[in-house]
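This briefing looks at how two parts of one protein chain meet. Have the sequence and the 3D view open while reading.

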Amino acid sequence: MKRRDFLKAGTATAIGAGMLPFLKVLPASAAVADTLVVVTGTTINSLDLHRTGTNRPSYQVSVNCYDRLLTFGTKTMPDGTLSYDYSKLEGELAESWEIAPDGNSVTFKLKDATFWDGSPVTAEDVKWSLDRAVTVGGFPTVQMKAGSLEKPEQFEVIDAKTFKINFLRQSKLTLPDLAVPVPFIINSKLAKKNATEKDPWAMEYLHRTPAGSGAYKVERWDSGQQLVYSRNDAWKGGPLPAAKRIIVREIPSQSTRRALIERGDVHLSHDIPAKDAKELAAMKSVKVVGAPIENCLHVLCTNFNFEPFKDKKVRQAVAYAVPYAEIFQNAAYERGAQMWGGKSFEPSDISWPQPFPYTTDYDKAKELLSQTAFKDGFEVPLSFDLGTAEWGEPTALLIQEGLAKIGIKASIDKIPGANWRTVALVEKKLPLHLDNFGGWLNTPDYYFFWAYVKGNLFNSSNYDDAEMMQLVNETLHMPMDNPDYAPKIKRMIAKAFEEVPRIPLYQPNLDVAMRPGVEGYEAWFHRMPDVRTLTFKTA
């Protein structure tokens, strides 16, 4: 499809035959106040976040079905909407916690909570679960490491209701890291019964059979179709949810999801495209909530394993050839925050994300490219995830046009969403690609840890710089009020400006459309639907 045809194409709202079976069953159930229906365009591929290859849509199971020791509080935004509050930690399974006088450990007292099978949640369950998180490898283990939670020996059972974590180092990230989706607490007694010698952590069992104490149980999972939650009436982790049942339906068709929310056949459509958000916000029959996602960027990544991008001037030329304003208008529909046009290559503060000092300047791009061995241009595939095509495709087409103006011929490479994580993030073999990453812990050093350190999952550019790694290592655990912190962060940002392994396009919104009467939606850093707080008031 040509770029102009794509940008002119409207979003169809007519209901096609393909959604009729869906509508036959939804309206009756959706009309009941204690049952809410949520639609999403993504697919859950596992009920166990720790399992290798578990995708981001699956993280909602950890949030809704399991508890952690801690959670973040809630704040009301200026527009009246709700958001998690990174500055406020609250107990979920923890009744209380106390930092040792020397600052080298923390001790938790557990609530009198029970798992779904009625057995008590004990410190032994907490230790087994955290041991699992730091041992299984991959993303969960690296996430735990970011909070200096690295070894089973750190986790100590004092008694059935008292649990201690011994710190490897004092870090500002340790307690917040206990509130992210990864360190969820599993019914270890049940898991062990279903473990094997080859599968000591019961990965196969928990892949399809959660064993938690959380607000909702999994009543049914039809892979690729729906996930049905039923309320755990004995939940102790927070206020009992209003909805007894939540149905999360996976609807790949964007136009179908839009039609369902417009007609009032579902209660909430999660993570809707920017175009839909802009148009639906003007309708009285739909309520749209959205804000820029903290510590998150849509970026264009230049892979250092591709010969031309080893040259900094080539990367900078690409950065000057990006049509930022057109992308923001036609892919983001001006929802989110601009990340171009910064005033200087030397940051004045440590706010993150902040605009990079690039604008669309084809003459500057040509000048830089002329100073390299690739002055006559080159060919490169430009890849994007089909699962994010609503912003990825118009963005790729616009970048393709921009690069052509400086002699770089980019061929569009559309990669199925099921394959994206492997080829882009694990194998890291895409020369030029669009990506999105949002840091769960809201500090700039945490973002850089994941996206600018060699080997870490979201460094899909294969960027490798000794000074950057040193700066990340020095600041990751450092208190933000340490006098050395701000200068080091400024240096990190300045290096990102100059070396541009990742070219920020804009900070995206996460937009949600709801029926009137739906309340309690809360925006979270993990970008998954937290259904525990949703309510629906019938007329």
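The model is predicted, and the domain assignment divides the chain into domain 1 and domain 2.

**The two domains**
- Domain 1 is made of two stretches of the chain, 27–267 and 515–536.
- Domain 2 covers 298–509.
- The centres of domain 1 and domain 2, taken over C-alpha atoms, lie 31 Å apart.
- Domain 1 brings 24 residues to the contact, and domain 2 brings 22 residues.

**The area between them**
- The size of an interface is often given as the accessible area lost when the parts come together.
- For domain 1 and domain 2, the buried area is about 1,800 Å².
- Carbon and sulfur atoms account for 65% of that area.

**Polar and charged links**
- The interface of domain 1 and domain 2 holds 1 salt bridge.
- A salt bridge joins K172 and D445, and their closest N and O atoms are 3.2 Å apart.

**The domain 1 side**
- Three elements each give at least two residues to the side of domain 1 that touches domain 2: β3 (82–91), α5 (138–146) and α6 (174–177).
- Of the elements on this side, α5 supplies the largest share, with 5 residues.
- Sorted by class, this side of domain 1 has 12 nonpolar, 7 polar and 5 charged residues.

Conventions. Residues are numbered from 1 along each chain as its sequence is written. This is a predicted model: local features need pLDDT of at least 70, side-chain atom pairs count only at pLDDT 80 or more; totals for chains, interfaces and linings use all residues. Side-chain values use heavy atoms; hydrogens and water are left out. Domain bounds come from an automatic or database domain assignment. Contact means heavy atoms within 4.5 Å. Buried area is the accessible area (1.4 Å probe) that two parts lose on being put together, summed over both. A salt bridge is a side-chain nitrogen of Lys or Arg within 4 Å of a carboxyl oxygen of Asp or Glu. Helices (H or I, at least four residues) and strands (E, at least two) are DSSP runs, numbered from the N terminus. Ala, Val, Leu, Ile, Met, Phe, Trp, Tyr, Cys and Pro count as nonpolar, Asp, Glu, Lys and Arg as charged, and the others, Gly among them, as polar.
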